[in-house]
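Please keep the sequence and the structure in view while reading.

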Amino acid sequence: MEKIRNCVYELRPLMFMVTVQVVFAGANVLFKLAANDGMSLRVIVAYRFVFATVFMVPLALIVERKRPKLTWTVLLQAFLCGLLGGSLSQNLYLESLALTSATFASAMFNLIPAVTFVLAVAFRMEKLCLNTMSGKAKVLGTLIGLGGAMLFTFYNGIQLNILSTHLDLLHHYGQATAGLAASSHVASPNHVLGALAALGSCITFALWLIVQTKMSEKYPCHYTSTALMCVMGAIQSLTYALCTEKDWSQWRLGWNVRLLTVAYAGILASGLMYMLISLCVRMRGPLYASIFNPLLLVLVAFAGSLFLEEKLYLGSVLGAVLIVLGLYIVLWGKGKELKKMTQLMPSTSPQITEQIEIIVTSPTCLKGLSEGLEAKEANSRRGRIEEKELMDVENASN
């Protein structure tokens, strides 16, 4: 039973990040449904962080009643997290969808593991260590996952019908609108600007993982830090949406897919899942969290095939296999690295461990130690008495 408990404890980061990607895949499907219903994507981002703030702030106040004092440094880090991981990265990604295509934007977004790896090495959060097996595995796994994402995106091959359920949720809503409708490979006149927006979204998200790691070290209250990030993201995204969206009917919510989308994306995708990401980067570092991003592409494709009657191709399956293979290799390398660290840690203080074991396991030593202290105290008391008597004799003789 103890072995099972330890195994589950060690697998927590893996289970957290897989859960995050599954929830993000659901949010992507709902984004598509809301966009097909005519909802502005900027408004979706704004409402997303508003719902996340309304949910996370009370939760943080209840769960983390005892927390360190907020400093200006922590507030600045929360502002940067809300900007880099929230409002800026999300809106840049949506702008890239509008200016280029969904295929191109998805391919660029899968550069996050590679960019995060470079930034983590530059900020000395990860060690390259190409002379070790773990270092080689991390580099190789990242490259394989990146190659799988590109194959998944740009190569189709023959069409597969193995997962067709003949269920098309898009049939219940209007035709595709806004920027998300650009799912073809036709480039717009602002293709270069869209490419820069996609690259900016990738870099800002990777930078968020770096800043989040620093914030988790300085302020290890994950519910509170996530709540602060959601508050900052809500302020920033609301300001941007109010300045750019002139149609006030876009802000109207009813008991429909729009409310479901923003509630799901805010409470689950931005609230609880961002908290799990912050916990994971605290436990395993930014590279570990970023390497799961290409898995989202696989999950969205399979979800689209099941629920949106989208076509599944051979290239998607081959790319998915490479993504999972690259993910496994990176996880293997991180596991070897952590195992090596845990093996080195106990050897740093063998004398302290020995002393603790003797004190705990040897009651006779406790008795002998107690008797020795009592004897020492008695001798000291006897010496003081003899010294006092000698002084009294000298005073009497004088």
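Helix H10, which spans residues 257-284, has a kink of about 30 degrees centred on Met273. The bend at a residue is the angle between axes fitted to the seven residues ending there and the seven starting there. Helices (H or I, at least four residues) and strands (E, at least two) are DSSP runs, numbered from the N terminus. The model is predicted, and local features need pLDDT of at least 70, side-chain atom pairs count only at pLDDT 80 or more, and totals for chains, interfaces and linings use all residues. Residues are numbered from 1 along each chain as its sequence is written, and side-chain values use heavy atoms, with hydrogens and water left out.

Both ends of H10 carry a local feature. Just after the helix, Gly285 adopts a positive phi of about 100 degrees.

In the protein as a whole there are 15 helices and two strands. Of its 398 residues, 42% count as buried, where buried means under 20% relative accessible area, exposed over 50%, and partly exposed in between (1.4 Å probe, protein chains only). Among contacts (heavy atoms within 4.5 Å) with a separation of 6 or more, 89% join residues 24 or more positions apart.

Rolling a probe the size of a water molecule over the atoms shows where empty space is left. On a 1 Å grid over the protein atoms alone, a cavity is a set of points where a 1.4 Å probe fits but cannot get out, whereas a pocket is an open set with protein on both sides within 12 Å along at least five of seven lines; lining residues have an atom within 4 Å of a point. Grid points are joined across faces, edges and corners, and a volume is the space filled by probe spheres set on the points. Two cavities of 30 Å³ or more are counted by this rule.

| Space | Volume | Element giving most to the lining |
|---|---|---|
| Largest cavity | about 40 Å³ | H2, four residues |
| Second largest cavity | about 30 Å³ | H13, three residues |
| Second largest pocket | about 730 Å³ | H13, six residues |

The lining of the largest cavity includes Met17, Phe24, Phe205 and Asn293. By class, this lining has seven nonpolar, three polar and no charged residues; Ala, Val, Leu, Ile, Met, Phe, Trp, Tyr, Cys and Pro count as nonpolar, Asp, Glu, Lys and Arg as charged, and the others, Gly among them, as polar. Gly141, Ile291 and Leu327 are among the residues that line the second largest cavity, and its lining divides into four nonpolar, three polar and no charged residues.

The second largest pocket is lined by 25 residues, of which Met125, Lys334, Glu337, Leu338 and Met341 lie nearest its centre. Two or more lining residues come from each of H7, H8, H10 and H13. The lining of this pocket comprises eight nonpolar, six polar and 11 charged residues.

Leu331 is found in helix H13. Apart from neighbours within four places in sequence, Leu331 is in contact with Leu14, Tyr288 and Phe292. Tyr288 is 43 residues away along the chain, yet the C-alpha atoms of Leu331 and Tyr288 are separated by 7.6 Å.
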